Amino acid sequence: MAFWLVNDRRTQESSFIQRFDPRFWTVNFPRPAMASVITTGADSMQIDVELQHEGELVGLIWDSVDSLDHPLLAYETSRDYSKTTLSFRWQSEGIIPLNAANGPTLTIEGRDAAGTPSTWFVRLWNYASGSPTDAEIELPFSNLASGFTLPGSPIHAADIDRMFISLVAPDYVAGSTQPLSQRFNGKVTVSRITTDGLNGMLEIGDVRLPVHGERIATAYDDGYDQTPARLLRGLVGLGYREDIVHYVGMSHFMRLTYVNGDLLVVPNGELCQPAREWHANFFAAANANELELIASISYELFDAFCPDDWKQRTVNGDQALTGWIPPSTLLSPANSHAMAWLSASTQAFVGLLEEASQPVRFQIGEPWWWTTSEGEICLYDDAAKALFGGSPPEILDMRQPLKATEIALLDQAGELLAQSTADLTTDIRAAASGSTEVLLLAFTPTILDPQMPELFRANLPIGWAKPAFDRLQLEDYDWLTGGADALRRSAYIFANERLQYPIEEQDYLAGFVLDPADAETFWARIDAGLDEAATRGISRRYVWAQPQINRDGYTRLPPTGEDPMQAFDDVLYPFPLGRSTAVAPEFSTSVSVTASGHERRNSLWADARVHFDVGPGIRSESELSELIAFFRARRGAAKGFRISDPFDHSTNGMTGTPTMSDQLIGLGDGQSADFQLIKSYGSSEDPQQRSISRPRIETLLVSVDGNLVLDWTLSEQGLLTLAEAPAEGAEIRAGFLFDVPVRFAEDRIDISGVNFEAGEAPSIPLIELKEEL
């Protein structure tokens, strides 16, 4: 299926929104503060804050540049706010009131009339009528002034980058890192939002792509700063339907408390109020859009919020740390307190799902024993060691050969991991009032890393085999985007054999693109991975994840309703072609002659297109009749077919018997297993390469570094797939016979029986088809 990386909106559908539409405000804040913004109506929004320190400040933000939405759905960039007035009702609970010294302030960032970067601070109380906690506010941008009192310094409204309203606790002390006397919770409701004036409207993308069959994954750690309405508008507009895998995250949903001077998660698994409000809104809005949520929780937790004894550790006591900055850590399946917190958090989300009338569907995401970049497995926290007998064998490097006792320890670790997920599954089902669906997500590039051949014992335990979960979900994005196709496919086989989930009970997650510089290469592989999963029979496929989709403009195009192979009948032209057949290879070259008579030539085609005239091969009236029937069956030029070129149909020279070393079709890189069949012409320094889309599979011989290879498959249009990825630098060669895909050049053929009887051959022109590979 085709896709498109969109840079900007051009002729696609658009509409208009009121500037300051509540769906498009965001929040931002430093850790350990928590905040969220949700829409409560077409002209209203709610902001919840949960603060721990005296100096924490939450910003409610409006950006002039929409950097969060997909290009087809983003609002226009407009920095001119002049002759525009924003009005709204402000109601606050707990937040420092409007009339206080550090009361809510509108900070405007932009440039002055001379183009110098400038920042203005507009006290909202100066433009309010009502009480300090319930007021009507009117902001006429062309007449706004900064300063604590009026008159102040006028702002320049024609060049604004962004603006934000500051929200702080009553005990706010600028710059302080001291804890508040107790955790602070506050709320602001902004309603009756109206925008009047010259620049009060913004054009916005308004596409709604047809449903294309794919689904999407989101994460609260990525979307906590946006409204659920914005996220849902985006994914529905891009054609994603049915359900959403939503990772609740590892850093923003939890409630925190001080324990011996450290700010840690609350042991009973409480959710912070901003996350609770956000998810209740998200789940309900998804339900209104006829979308189901699969909530996902993992064994990963932001390191700074995690109690030390909950963390997985190496033999020498180093804690498991991921590569994120700042890092997260992994919870030990052996620690009862960690597992109790995880279970309580999960049950809180079960409650939110049911409150929103969502079915209870829960993914246990990537539970595993962490391994470091040095190959150290983190099985050695105190709780785990106690369960492993007190002094378990010390595995220092999973990449080295392991002893029998070490392998036994890995099996024991796998049993413990499986028991922890079984307990969590039981708790999910017990917390739900009705039916449930529990899914397991496994990341094969880590748990089936070929450099750690025994790791699967701990991280893909046999205890996960059917019927431990309702569905198995696999993701392999490191291998997928890296082109490690042989490893990906062998992992499917291994997981199928070990866990025994039928294909109809499996899902696939494809993605993601961490670095936008990789977008063009990686999205092509992700898109192809989705197609490949569909051919394997995987009906539920998820693109991971929404932020990268929007950033890179990935657009999955809907199916056309026509199988591209329907335009080709895989049949051979019925008559043998002799030397009387006319064959004419054609290139396209642009030639320009300079004033001095010199030529400049530019080759426009990488490969030739061959023309044939097969009329001279017709030898009898019966063959004429058969030709007419063949022509009609192809509907003239509508459908292609095969033809054997009498002068060039072999990789060994032009017509010789193929051998396994005829053509160099690729060099191994240790990961790639797919190679397009080609034939090269000319010198080895600068060959002209021809992609072969219609080889004769019964003649195909394949070698790797001179050794015959028999374990391969050949897919449509000449794509050779080896069972194992060749080593780096290995030569992959192939020999075969091949046909040429062609069509009739015209929708009409002229045949005269009189002329034929007089010995005049009819003209039957054919033209080579360049098939999309």
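## Charges over rings

In this predicted model, the charged end of Arg19 sits over the ring of Tyr81, at 4.2 Å from the ring centre.

## Aromatic pairs

Across the whole structure, a search finds 34 aromatic pairs. In one of them, the ring centres of Phe24 and Tyr75 lie 5.6 Å apart and the ring planes stand at 80°, an angle over 60 degrees, so this pair is classed as edge-to-face. The two residues come from distant parts of the chain, since Phe24 is found in the loop between β2 (14-18) and β3 (26-28), while Tyr75 is found in the loop between β6 (58-63) and β7 (84-93), and 51 residues separate them. Phe24 and Tyr75 are both buried.

Another pair is formed by Phe641 and Phe744, whose ring centres are 5.1 Å apart and whose planes meet at 45°, so the pair counts as tilted. Because Phe641 is part of strand β35 (residues 640-643) and Phe744 is part of strand β45 (residues 740-744), this pair ties together parts of the chain that are 103 residues apart in sequence. Phe641 is buried, with a relative accessible area of 0%, and Phe744, at 1% relative accessibility, counts as buried too.

Strand β8 (residues 105-111) and strand β9 (residues 117-123) run antiparallel and are joined by seven bridges, and Glu109 has Thr119 in β9 as its bridge partner. Together β8 and β9 make a hairpin with five residues between the strands, and in the turn Gly115 has a positive phi of about 85°.

Ser146 is located in strand β12 (residues 145-146). Its relative accessibility is 11%, and because a residue under 20% is taken as buried, Ser146 counts as buried. Leaving aside residues up to four places away in sequence, Ser146 touches Trp120, Phe121 and Val122, and it also touches Gly152, Ser153 and Ile155.

## Helix α3

Just after α3, Glu290 adopts a positive phi of about 60°.

## An open sheet of four strands

Four strands make up an open sheet with antiparallel pairing, and their order is β36-β44-β40-β41. The edges are taken by β36 (663-667) and β41 (707-709), each of which has a single partner strand, so one side of each is left without a neighbour in the sheet. When direction is ignored, neighbouring strands of this sheet are turned against each other by 35° on average.

At the edge formed by β36, four bridges connect this strand to strand β44 (residues 731-735), and the two run antiparallel. Within this part of the sheet, Leu664 stands opposite Arg733 in β44.

Note on methods
Residues numbered from 1 in each chain as written. Predicted model: local features only at pLDDT ≥ 70, side-chain atom pairs only at ≥ 80, totals over all residues. Heavy atoms only, no water. Buried < 20%, exposed > 50% of the residue type's maximum accessible area, 1.4 Å probe, protein only. Contact = heavy atoms within 4.5 Å. Pairing = 2+ DSSP bridges. Axes fitted to C-alpha atoms, helices over the stretch in contact; angles between N-to-C directions. Phe/Tyr/Trp six-rings, centres within 6.5 Å; stacked < 30°, edge-to-face > 60°. Lys NZ or Arg CZ within 6 Å of the ring centre and 35° of its normal.
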